Amino acid sequence: MSVNPTNNPSASSAKELDEADPLSRFRDEFYIPETPDRQPRTYFVGNSLGLQPRRTAELLNEELENWQRLGVRGHFTGRFPWMPYHEFLTSAMAFLVGARDEEVVMMNSLTTNLHLMMATFYRPTGRKRKILIEGHAFPSDHYAVESQIKWHGLAPEDCLHVVAPNSNGLFDMDSICELIEQQRDELALILLPGVQYYTGQVFDMQRLAQVARENDVCIGFDLAHAAGNLRLQLHDWGPDFAVWCSYKYLNAGPGSVGGCFVHSRHATNTELMRLAGWWGHDKQTRFLMENNFQAIPTAEGWQLSNPPILSLAAIRASLDVFRRAGGMEPLAERTQRINQYFRNLLNERLGDTIHVLTPAANDKIACGCQLSLQVLSPNVSGKSVKGKLDSAGIETDWREPNVIRTAPVPLYNRFVEIKYFVETLASILLDHS
Ligand SMILES: *Cc1c(COP(=O)(O)O)cnc(C)c1O
């Protein structure tokens, strides 16, 4: 392949690219895990567990101290009283996913929120009772959907429509849209990912939401791999709901509280069927304890319990880094540059040995951070490559049957790390051939 140095970013040195990018400095705001000989690891698994911002401990300690000093009074006093604590996250979170404040709430965890959303938005009636999901969906999503169908006394064999991917594990948006049109009278709900966790494929959420609405089918997105990764415009795109977690690209720590979006056309409808709890009840009368449920007319109306404040404090610390970096627009632009550089370098050095499973960006769909790589050499197992990358201080993620997932994150990964990764991979693979 001939390479034109003027429009090929990998021609400039990785170091220069790092120095030229004002966003590079945000790396200093994170703790970078180290190898046993105390070198920073090349951490390409922010799609699995994002790194810890340096300020997280401070915000957690503030709440631990409030609890020490104030006890129960911490609910109402302190800089950030616990009673409304989740509200301190709303605007920053809504900004990151392109939503209005009343459409977003941080609560529970992803799969719990998925069930709560299906309790409202999966209302099978007559023939209209199927749920459409993607083949090889993340197991938790598959289990949640299947169990919802059974919960309604229905059979997954009749009611679960699993769309098969092509032989590379990818999904064709045209086919899914056609399917929605053909099956509109039988589909009660569509649940699709914003970014498919295995291949890193970015779905055309805007188009899917539009086609679903035109055909009168509810649609929800699982944004586990999209929140904090892509520029999202949930309000304008108009899905009925979306759910995500905060411990992947959102850097809020293992098992931290998840996020939930309910479109404003539903969020303000207090009559909608839901599984309710006291934290979703009208704030003015919550403590009258009168057992007459009145939903808050926002996404908060789906809350069940008073939330874990320490986890929310970690989310606050993380959202603050995103805010200071300017939100998703500059970060997503940096991702496009990193992604292009990564692809070019892989292609130059390893074009015949590595297949990039993840589709490239096009004029409609931007790419995300993740590149899923398949090793093509028949005499090398992908899993042994992953082991050798570990020994070289590079953290990647291996998924059966044969994919190495890498996710350079715009907040803390650098161009020099991509260069190091590709050079290391080349020495592992080209040694073998
Ligand atoms: C990470 C992930 C989950 C995890 O669910 P939790 O309820 O947070 O444990 C679920 N679905 C998808 C698609 C994921 O990527």
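Student: How far apart do the centres of the positive and negative side chains lie in the protein?

Tutor: This is a predicted model, where local features need pLDDT of at least 70, side-chain atom pairs count only at pLDDT 80 or more, and totals for chains, interfaces and linings use all residues. Residues are numbered from 1 along each chain as its sequence is written, and side-chain values use heavy atoms, without hydrogens or water. There are 41 positive and 50 negative side chains (Lys and Arg against Asp and Glu; His and chain ends are not counted). With charges placed at NZ of Lys, CZ of Arg, CG of Asp or CD of Glu, the two centres are separated by 3 Å.

Student: What arc do the buried residues of helix H8 cover?

Tutor: In H8 (residues 205–214), Met205, Leu208, Ala209, Val211 and Ala212 are buried (under 20% relative accessible area, 1.4 Å probe, protein chains only). They sit on the same side of H8, because their arc around the axis, from directions to the C-beta atoms, is only 165°.

Student: Which residue just after H8 takes a positive phi?

Tutor: Look just past the end of H8. There, a phi of about 60° belongs to Asp216.

Note on methods:
Buried means under 20% relative accessible area, exposed over 50%, partly exposed in between (1.4 Å probe, protein chains only). Helices (H or I, at least four residues) and strands (E, at least two) are DSSP runs, numbered from the N terminus.
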